[in-house]
Amino acid sequence: MRPWGIVEGMSSMFALLAAGELHVSFYLLPLAAVISLVYSASRYELPDKILSRAFKLFLQIVGFMAAVFAVLWFFSFGL
Amino acid sequence: MAAEQQPERRKRWQEKNVLVAGVLAYLIPGAGHLYQGRVFKAVPYFVCILGTFFGGMKLGEGAVVYHAPTNKWGISLNYLAQVCVGAPALPAIRQTQRAKAPSNRPLYELSQPLTAPFTGRLVTTGGANEAPGGKLDGEIRLQTVSTGVIPETTGTFTGTLDGQPVEFQLAGGFLLDRPIGAGFGRHLESSIVRQPDQHPHESLSIRGSIPRAFTDAYCAPPDEETIQDLNRRLGKVYDLAVAFTMIAGLLNILAIWDAIEGPAYGFGDEPAPGDPPTPGDGSKPGSPSVA
């Protein structure tokens, strides 16, 4: 199931973050996952709905951050 | 599309005392939901909120959650958000009072012998030069003795310098950070007894830290030097650590609200707006239950 795949991926990322082997921006990924899960849990009661909504919200947050990053990268290209 | 018959569901948040659930949800994220029997929601609240809070504490080396009233409201915005996480952030109020006590000051002499693990660096000072030397790791033994008018703190450092075993005799220049303060390391420095072959303008000292008691370090306010040191060493990670703890507190507001009022949008399988109402559908919060 996709949401549980995210949890496994996050576990690996936490291990790398704890070891200080990733750029500071990657701290935003577990933060986005936590915010998605808690926010969705406060909106719905059914576990399946919470997990699926959290997964979508996580993708929206990460997608938005990636879009902002892409715009900033484009305008700062060559500087 | 016609709505299907909604299954009977218990609104567990209405079955227990709302006040108790709210207070429990505030004190320990997820505890209010556990009290209501909503185990599935208690687990992510507990893990995510406390994980974010203590993860931030770890990132900021324990010096990010503290109560330092610096404005007319008597509470900083940082702590206002952090204290929403409940019991884990409440000790900051008591720690601020303890840190302000007159007895909580840096020590220049010891009232009793000190033996503690020490990590730090060898520092060479000579004229206008001051250079950090190798990494020290070992045990320090110090005591203050009265030699004439001025008491002097002397002792030994036994351990390794960049992995090589060393032993230094220590005397003078002793400074030990205040007992109650932020961070789990307590700054200590002392001069090393001058060696016969040492340059006349050069002096050696050790600077580092010994462990600070958990009860003296947890949520204690840092002094200005500690904050500057953390910003210098951690950079934006320190700001990120503060943000983690603040976000954890703000997320717990959602959890408290959920424990008191139930989920904002209901169970999650309600018919979409515009669908014909289903008889006996009591799945929305606040509506009569079919159970």
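Contact here means heavy atoms within 4.5 Å. By that rule, 26 residues of chain B meet 19 residues of chain A.

This is a predicted model, in which local features need pLDDT of at least 70, side-chain atom pairs count only at pLDDT 80 or more, and totals for chains, interfaces and linings use all residues. Residues are numbered from 1 along each chain as its sequence is written, chains are lettered from A in the order in which they are written, and side-chain values use heavy atoms, with hydrogens and water left out.

**The interface**

The size of an interface is often given as the accessible area lost when the parts come together. Chains A and B bury about 2100 Å² between them, 78% of it on carbon and sulfur atoms. Buried area is the accessible area (1.4 Å probe) lost by two parts on being put together, summed over both.

Ten residue pairs are in polar contact between the chains, both residues at pLDDT 80 or more. A polar contact is a pair of N or O atoms within 3.5 Å; within protein, one must be able to donate a hydrogen and the other to accept it, and residues adjacent in sequence count only if both atoms are side-chain atoms. On the side of chain B that touches chain A, α3 (39-59) and α8 (236-261) each supply at least two residues. That side has 17 nonpolar, three polar and six charged residues.

**Salt bridges**

A salt bridge puts a side-chain nitrogen of Lys or Arg within 4 Å of a carboxyl oxygen of Asp or Glu. Two cross the interface of chain B and chain A.

| Chain A residue | Chain B residue | N to O distance |
|---|---|---|
| A:Glu45 | B:Arg38 | 2.8 Å |
| A:Glu45 | B:Lys41 | 3.1 Å |

A:Glu45 lies in the loop between α2 and α3 (47-75) of chain A, while B:Lys41 sits in helix α3 of chain B.

**Helix α2(A) against α3(B)**

The axes of α2 (residues 28-43) of chain A and α3(B) come within 10 Å and cross at roughly 145°. Axes are lines fitted to C-alpha atoms, for helices over the stretch in contact, with angles from 0 to 180 degrees between N-to-C directions. Contact residues include A:Leu31 and A:Val34 of α2(A), and B:Tyr45 and B:Ile49 of α3(B). The residues of this contact divide into nine nonpolar, two polar and one charged.

Notes
Helix = DSSP H or I, 4+ residues; strand = E, 2+ residues; numbered from the N terminus. Nonpolar A, V, L, I, M, F, W, Y, C, P; charged D, E, K, R; others polar.
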